[in-house]
Amino acid sequence: MFGKRKVATLVAEFLGTGILTLLVLSVQRSTIGVPFFVATIAGVTLVAMVLAFGDISGAYLNPAVTLGLWTARKLSTLRAVVLIVMEFLGAWVGYYAYTYFVNSKLTNVGGHFSGRTLAAEAVGTGILAVVWAAASFKKWPKTVTAPAVGLALLISMVAASTAGLGLVNPALALGVRAWVWGTYVLGPVIGAVVGINLYGLLMADGGLNFSLKKAAIVKPTSSSSKKPARKSRPSSRAKR
């Protein structure tokens, strides 16, 4: 039913998101769990995963980014749905792998809805989404995409952490026990959809064209301005 390539796609997105969740949890729940170090490990992990799995599944590892690329028609509906499912499943398994290693359950750290957190998550994810859009529309090779999106993830998480946890990823929110619909889920989705589509409309080749061609104004020449001469009627003598 499934070919080798399709199975590889599922496994790649599952493993990539699971590894990302496990490493973020390892730093976030440690004594150095400050936003910069969490963002750094996330960015480095994304670089490695894109290099490893980028040409297999895309290695988006983020349902918001996957959804944004689908709205921009860069992913088919079936592929987008399958990738999102595997991303959430990978984050869920990553959480249980971490709790097994530390032999302890984790408390919820999502808190409650906050408009500032929602805005910060949207802005942070928008930064990441713009770079993913550039990679997708311009068809960068994975050797360029990997460091670009890894650095973008680091920047976006630091930016979003000013008003919250700085996750910019609904799957990661599930994995670190910060699942709050109004902030760590809706915020990244809004940022990714707006960021990717805005880039596609304004900056990608074949997007909107705002150049207005000036209509050529043809000035009448001196000959054309003259009234056409009336044809002379034949004289009565010529008729005879």
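Leaving aside its neighbours within four places in sequence, which residues is T66 in contact with? They are Y60, L75, A80, L83, I84 and E87, where contact means heavy atoms within 4.5 Å.

Before I go on, this is a predicted model, in which local features need pLDDT of at least 70, side-chain atom pairs count only at pLDDT 80 or more, and totals for chains, interfaces and linings use all residues. Residues are numbered from 1 along each chain as its sequence is written, and side-chain values use heavy atoms, with hydrogens and water left out.

T66 sits in helix 3, residues 63-71; helices are DSSP runs of H or I, at least four residues, numbered from the N terminus. Because its relative accessibility is 0%, T66 counts as buried (under 20% relative accessible area, 1.4 Å probe, protein chains only). Of the 240 residues of the protein, 41% are buried.

The protein has 10 helices and 0 strands, a strand being an E run of at least two residues.

Now a helix pair. The axes of helix 5 (residues 115-137) and helix 6 (residues 142-160) come within 8 Å and cross at roughly 170 degrees. The axes are lines fitted to C-alpha atoms over the stretch in contact, with angles from 0 to 180 degrees between N-to-C directions. The two helices are therefore roughly antiparallel, the term for angles over 145 degrees. Residues that meet there include I127, L128 and W132 in helix 5 and V149, L153 and I155 in helix 6.

Notes. Angles under 35 degrees count as roughly parallel, over 145 as roughly antiparallel, 65 to 115 as roughly perpendicular and the rest as oblique. Buried means under 20% relative accessible area, exposed over 50%, partly exposed in between (1.4 Å probe, protein chains only).
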